[in-house]
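Please keep the model in view while going through the numbered points.

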Amino acid sequence: MSTLDLSPQAPTTTDPVIAQVVRSRLVAITDQMRLALQSVSGSPTVTEASDFFTGLYLPDGSFATMGHQVTFEAPPVGSLIRHLLASGRKLGDGDRIIGNDPFVGALHQNDVQMCAPLFVDGELVAWAGVMAHETDVGGMDFASWSPKAKEIWQEGLRIPAVTLVDGGELREDVLEMVLSASRLPAQLGLDIKAFIATLNVAAERLVELCHRYGTDVVQGAMAAMVDDAERKLRARLRTMPDGVVRTRDFLEHDGHTDKLYTVDLVLTKEGDHLTLDFSGSSEQAQGFVNCSRAGLVGGVAGSLIPTLGFEIPWNDGLLRPVDVVAPDGLVCTAIPPAPVGSATVETVWVVSNVVSAALNRLLAATPQYAHRAQAVSSGTMATFNLSGKNQFGETFGLHLMDPLAGGFGAFAAHDGQDAAGPINAPCPSIADVEVNELVTPLVYLYRRLAQDTGGAGRRRGGLGAEVALTVSVPAAEALVMTHGAQVPNSTGLSGGLPAGLIRQSFATGIMTGSADSARLAGLLTGRTEQDSRFVDLGSKPGAFPITDRDVFAVTWQGGGGIGDPLDRNPADVVADVRRGVVSAAAAKETYSVVLTDGGTGYDDAATDVLRRGERAARLGVPVDAVPERGRPIDPELPPAGLRDGETWLPLSDRLRAIRGTDGVWRVETVDGAVLVTGSTRWRSGAKPVPLPLPERVGSHLHRDLAVTGWLCPLSGHLLAVDIHLAGTEPADDLDLDLALGSAAERLALRA
């Protein structure tokens, strides 16, 4: 037992080589923790997919290193550590503490976490943490996802912070208590043993490192890593304009009613500091879609770290310049007894979406980083769980991780990657089809990229994937839920369209009879929404039986697009059609490209005529009232007609803020329309129009939502696409500080 010194230690070596060696070794220890976890675990969620976390923490609970699996999960383990420290509990060498309580620090009960105080020669030097999604921890439904739950006690075992290993000795009684709550005790038990092994690896390696270089050097290196990340992010923030960014996203259906919930973010950037205010979000739900405050912070980290942390070590220093503001009792700050079982794939995910959308609007308005601006990636994760008895009469359970194969959002400089996953999982992976079929009686009919699911734009969002599944046993039980079946969460940027909605559908009895081969051929080549045998399940059908005669099919959201689809190079559209990622119908209806030669070429003149006609139709004016071609897009080029002495900032694809020689700012489109002076609230001068989304995107839009497109009044090009509550005006999303001497003025470019 020892005294706990929680104060950060300053670097104690002036040798930069030793300092870098120690830093690299700490990162390597984190990866060795990952290898230990995956080597011992028996869960496909860990061994084949990537729903887990490993990291090292400072004595005060700040994370100094983290893996690249799920960025949501770094702050919650720190919350568990801080809870232990605040409790005054005596901690000893060899202790391993387990928890999963969302109101202590976890995201939801399935995310079992374990931490270990790491002592060297009697001194607390650091902590190690590990966390992974467990398929079942009890509750009223298999997989501990309980759409019918109205209070947290119905959702599974809650472990606040319990010592599982005491001074190196496993407490079998505590382990038995935890395992007895699960329908899959063997799988959960093996993962818990994997957690212990993971923390043991961290302890052994850290002791070796401290004995080689000195405890003070190792602690100093850890503290310096966090300080360096903070310093670098603050320096990066100072290169971005100050102002306010407003973004919103929605999730439908709380498991009981098809109510629409709002996650509202007002981001204020001032100097080297960010304030993220979620106070305008909906009140907490009666159903399981809520998240606790730990989930809110996790969702913020999930997007902020990969979006702003490029070329910076990922650790708690990236969160130090950030304040997260929200009162208790919201859908994103739920308080007991609110159910939170689906937090990670519902509200936490939507929090990540709005943070991503807001930060990328700031990047788009920063000359140095405008090329990095990205639309929202894979805005939802449709959950599928399967349970029952396998062919040997044994209980099985599966949490399918395939929905991580959503599409990446488009970048200003290039298209989004297909099936690249969400921004909050930087290194996503999913199991091979054969692995899932080996360990469970699951049968894939297909797993493939889903045509037309990427958001259309000058830069196209990456495609999402889709699967069709059945089982090889007479009967099993499926548990299905999502948001995004009525909300296009993968929103676009700068006039880009959102990605397609999720579609979950089910067909009974189609795997029987003499027409099997013909029916399967149709299923494998067609689209289920055009197949009358499939019934749309909506957002949250919950648990239902599935037999070897039935088929479940789901298509996931792709990534949002960037820029008006009419600005996409027709040659790129042709290439997409040839690859099969965009249909010929979408090429004409969404991109206004006239294909020739069976889709292998295009008619340039006819395409120009069609696109001009579409822009005129948007504005409701004669064709000859709009220019034949809009000005070519290059976000790095200065505005046309920029006068001597004028400076400018990029705002988005077709918008520029220009400071005149009189010191007055104005926002212009690239086609020369002045939309506003004295601010960046440019919507006041743009033309709003109700926007019908392509059928694949908007055919099941929630009744409480509307879509507004904002047009350049001269050219008819899309400047933005807002998804908002019906009957309300969309908010101005970007309101920069243009005062004399402001960051915007300092960053503005000259011709």
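1. The largest nonpolar core has 103 residues, and Leu-274, Phe-278 and Trp-682 have the most contacts inside it. A nonpolar core is here a set of buried Ala, Val, Leu, Ile, Met, Phe, Trp, Tyr and Cys residues joined through side-chain atoms within 4.5 Å. Helix H8, residues 347–364, gives the most to this core, with ten residues. A second, separate core of 46 residues includes Leu-26, Met-33, Ala-116 and Val-178.

2. The model is predicted: local features need pLDDT of at least 70 and side-chain atom pairs count only at pLDDT 80 or more, while totals for chains, interfaces and linings use all residues. Residues are numbered from 1 along each chain as its sequence is written, and side-chain values use heavy atoms, with hydrogens and water left out.

3. The protein contains 15 helices and 31 strands. These are DSSP runs numbered from the N terminus, with helices (H or I) of at least four residues and strands (E) of at least two.

4. How does the radius of gyration agree with that of a compact globule? For 751 residues a compact globule would have a value near 27 Å, and the protein, with 26 Å, agrees with this. The radius is taken over C-alpha atoms, and the globule rule is 2.2 Å times the number of residues to the power 0.38. Along the principal axes, the C-alpha atoms fill a box of roughly 80 × 75 × 45 Å.

5. Of the 751 residues, 62% are buried. Buried means under 20% relative accessible area, exposed means over 50%, and partly exposed lies in between (1.4 Å probe, protein chains only). The protein exposes about 26,000 Å², of which carbon and sulfur atoms supply 51%. Such areas come from the Shrake-Rupley method with a 1.4 Å probe, and for residues only the protein chains shown count as cover.

6. Contacts are pairs with heavy atoms within 4.5 Å. Among contacts between residues at least 6 apart in sequence, 70% join residues at least 24 apart.

7. Ala-106 lies in the loop between strand E3 (96–99) and strand E4 (111–120). Is Ala-106 buried or exposed? Ala-106 has a relative accessible area of 0% and is therefore buried. Leaving aside residues up to four places away in sequence, Ala-106 touches several residues, among them Pro-76, Met-131, Ser-292 and Ala-294. Ala-106 and Asp-624 are 518 residues apart in sequence, and their C-alpha atoms are 60 Å apart in space.

8. Glu-311 is in the loop between helix H7 (293–308) and strand E11, and it counts as exposed because its relative accessibility is 72%. Ser-378 is in the loop between H8 and strand E12 (383–389), and it counts as buried because its relative accessibility is 1%.

9. Which residues does a cis peptide bond join? The bond joins Pro-336 and Pro-337, with omega about 10°. Pro-337 lies in the loop between strand E11 (322–325) and H8.

10. Gln-451 belongs to the loop between strand E14 (442–449) and strand E15 (465–471). With a relative accessible area of 27%, Gln-451 is partly exposed. The C-alpha atoms of Gln-451 and Thr-491 are separated by 18 Å, the two residues being 40 apart along the chain.
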